[in-house]
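Visitor: Hi! I'm new to this one, could you walk me through it?
Guide: Happy to. Let's bring it up and start with a helix.

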Amino acid sequence: MNRPSDTSTAPTLISVCAGDKTGIVCCSNGLPARNRTLLQRLSGLLEQAGLIPVFSPYIYAKDGVFSGSARDRARALMDFYQDPAVTSIFDVSGGDIANEILPWLDFDIIASHPKLFAGYSDLTTVINAIYTKTGQPCLLYQLKNLLSEKESWQAAFFDTLLHHKTPLSVFPYIFVQGDSMEGIVTGGNIRCLLKLAGTEYFPDLNRKLLLLEAFHGGVPQMTTYLSQLQMMGAFSRVNGIILGTFTEMEQEQYQPDILSLVQAYAGSLPVIKTPKIGHGTDSCAIMIGSYQKFRRQADTSI
């Protein structure tokens, strides 16, 4: 990990302007009621930036982890896609149940009403499904991170979103093997991506860059996921692998580490590692469905 590194370049986002409505949804596990104060603060930040936050009626858990039925949560998302005043939609949830809304989404409507859609973790399922079914890129990013980081991080977010600059979408990386790679980025949370395996929503991996990250899970779980990807032919089809953070693996310093595990499956594929994509509150954003190039350079470091 002491090799030269680079910083990514980022594509332009769908235009979002001050005065636009921003939809806030919860497609995965409903949030605990104690999160109301947090979302009020988040709403205030958006309003200060000139956006108008509009909340789905299905945000807080009412029945176990459910804020509403799969159909309810899908309808709330579709309502935002069909509202011409809404130009961006952020999912503030995570967990396990986002994939159950997929059969209830109207991808023809989504395709004809392009919006910036963003979420992370379990929203890997929805993000990749939208890209697969419509070709629309989506942002892998958790809006609640704005409440955990310094004002400079908030400024970077709004520069990215509103001012068509890309500071939050440019992240450091290091080449673990190889010197260059390029392609359309797919993937996200490894566990959640594999929920789409065998369904019409799983992305075509041919000549893509496969992004993988994780929060929970040790060596047995990562071995299981990587083995499944191998049996699906993933590593013989992609142009390269982007490794984000693997929180539990890295915090607990499990051995073999995630780099060793991935290299055992990756063969000669180019692999980069970044500490700035994943579940950390300092995570940058990356556009799933965007074409990106990565090159080794000797003048920067992580």
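**A walk through the model**

Guide: The cover over the buried residues of helix H2 includes strand S2 (21–25), strand S3 (52–55), strand S4 (86–91), helix H3 (107–112), strand S5 (116–119) and helix H4 (124–134). Contact here means heavy atoms within 4.5 Å, and buried means under 20% relative accessible area, exposed over 50%, partly exposed in between (1.4 Å probe, protein chains only). Helices (H or I, at least four residues) and strands (E, at least two) are DSSP runs, numbered from the N terminus.

Visitor: Before we go on, what kind of model is this?
Guide: It is a predicted model, where local features need pLDDT of at least 70 and side-chain atom pairs count only at pLDDT 80 or more, while totals for chains, interfaces and linings use all residues. Residues are numbered from 1 along each chain as its sequence is written, and side-chain values use heavy atoms, with hydrogens and water left out.

Visitor: Back to H2, then. Which of its residues are buried?
Guide: Ala70, Asp72, Arg73, Ala74, Ala76, Leu77, Met78, Phe80 and Tyr81.

Visitor: And what should the 13 residues of H2 span?
Guide: The expected span is 1.5 Å times one less than the number of residues. For H2 (residues 70–82) that gives 18 Å, and its end C-alpha atoms are 18 Å apart, which agrees.

Visitor: New topic: in what order do the six strands of the open sheet come?
Guide: The order is S3-S2-S4-S5-S6-S12, with mixed pairing. Two strands pair if DSSP finds at least two bridges between them. S3 and strand S12 (286–288) are at the edges with a single partner strand each, so one side of each has no neighbour in the sheet. From one strand to the next, the twist averages 25 degrees.

Visitor: How do S2 and S3 pair?
Guide: In the parallel sense, over four bridges. Thr22, for instance, has Pro53 in S3 as its bridge partner. S2 also pairs with S4 in the parallel sense, over five bridges, and there Val25 is partnered by Asp91 in S4.

Visitor: What about S4 itself, how many of its six residues are buried?
Guide: Six of the six, so to speak, are buried. S4 pairs with S5 in the parallel sense over three bridges, and Ser88 stands opposite Leu116 in S5.

Visitor: Which helix lies across S2 and S3?
Guide: Helix H1 (residues 36–48), running at about 145 degrees to S3. Axes are lines fitted to C-alpha atoms, for helices over the stretch in contact, and angles run from 0 to 180 degrees between N-to-C directions.

Visitor: What does its side chain reach at 2.9 Å?
Guide: The side chain of Ser283 reaches the backbone oxygen of Gly280 at that distance. The backbone oxygen of Gly278 lies 3.1 Å from a polar atom of the Ser283 side chain. Leaving aside neighbours within four places in sequence, Ser283 is also in contact with residues including Tyr141, Asn145 and Trp153.

Visitor: And Ala61, buried or partly exposed?
Guide: Ala61 is partly exposed, at 30% relative accessible area, and sits in the loop between S3 and H2. Not counting residues up to four places away in sequence, Ala61 touches Gly30, Leu31, Phe66 and Ser67.

Definitions and conventions
Polar contact = N/O pair within 3.5 Å; in protein donor to acceptor, adjacent residues only side chain to side chain.
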